[in-house]
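Here is a short note for a colleague who is new to reading protein models. Please keep the sequence and the structure open while going through the points.

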Amino acid sequence: MVPIGDTPIEIAWTHEGEPLSQFMGFSVGKLGPRTSILLIEPVTPEHSGHYACVASNPSGRAIHEATLRVHG
């Protein structure tokens, strides 16, 4: 969720620095102009790694990063 900033806001997701592919079990949904959700189903140990959510508009960009660990 991007609580502040001028719209339109582009929101993109990456895994290990690469754009996500729906063929790897990733699904991205938009819940309004400021909210995006990442779904992984079914989640497997291959989905472990570094994720980033990048929000940008003409004024700049912000990045939120997290690491996911999946034990199988």
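1. On the model itself. This is a predicted model, in which local features need pLDDT of at least 70 and side-chain atom pairs count only at pLDDT 80 or more, while totals for chains, interfaces and linings use all residues. Residues are numbered from 1 along each chain as its sequence is written, and side-chain values use heavy atoms, with hydrogens and water left out.

2. On the sheet. Strands here are DSSP runs of E with at least two residues, numbered from the N terminus, and two strands pair if DSSP finds at least two bridges between them.

3. On Thr 14. Strand β1 (residues 10–15) is joined to β2 by 2 bridges, and the two run antiparallel. Thr 14 belongs to β1 and stands opposite Pro 19 in β2. With a relative accessible area of 18%, Thr 14 is buried, where buried means under 20%, exposed over 50% and partly exposed in between, using a 1.4 Å probe and protein chains only. Leaving aside neighbours within four places in sequence, Thr 14 is in contact (heavy atoms within 4.5 Å) with Pro 19, Leu 20, His 50, Tyr 51 and Ala 52.

4. On His 15 and Glu 10. Both residues are placed in strand β1, but His 15 is buried at 12% relative accessibility, whereas Glu 10 is exposed at 55%. The side chain of His 15 reaches the backbone oxygen of Ser 48 at 3.0 Å. Not counting residues up to four places away in sequence, His 15 touches several residues, including Leu 20, Phe 26 and Tyr 51, while Glu 10, with neighbours within four places left aside, is in contact with Val 54, Ala 55 and Ser 56.

5. On Glu 16. This residue lies in the loop between β1 and β2 and, at 47% relative accessibility, counts as partly exposed. A polar atom of the Glu 16 side chain lies 2.7 Å from the backbone nitrogen of His 50. Glu 16 also touches Ser 48 and Gly 49, and the C-alpha atoms of Glu 16 and Ser 48 are separated by 9.4 Å, although the two residues are 32 residues apart along the chain.

6. On the hairpin. Strand β3 (residues 26–30) and strand β4 (residues 36–40) run antiparallel and are joined by 5 bridges, and Phe 26 has Ile 40 in β4 as its bridge partner. The two strands form a hairpin with 5 residues between them, and Gly 32 in the turn has a positive phi of about 105°.

Methods: Helix = DSSP H or I, 4+ residues; strand = E, 2+ residues; numbered from the N terminus. Polar contact = N/O pair within 3.5 Å; in protein donor to acceptor, adjacent residues only side chain to side chain.
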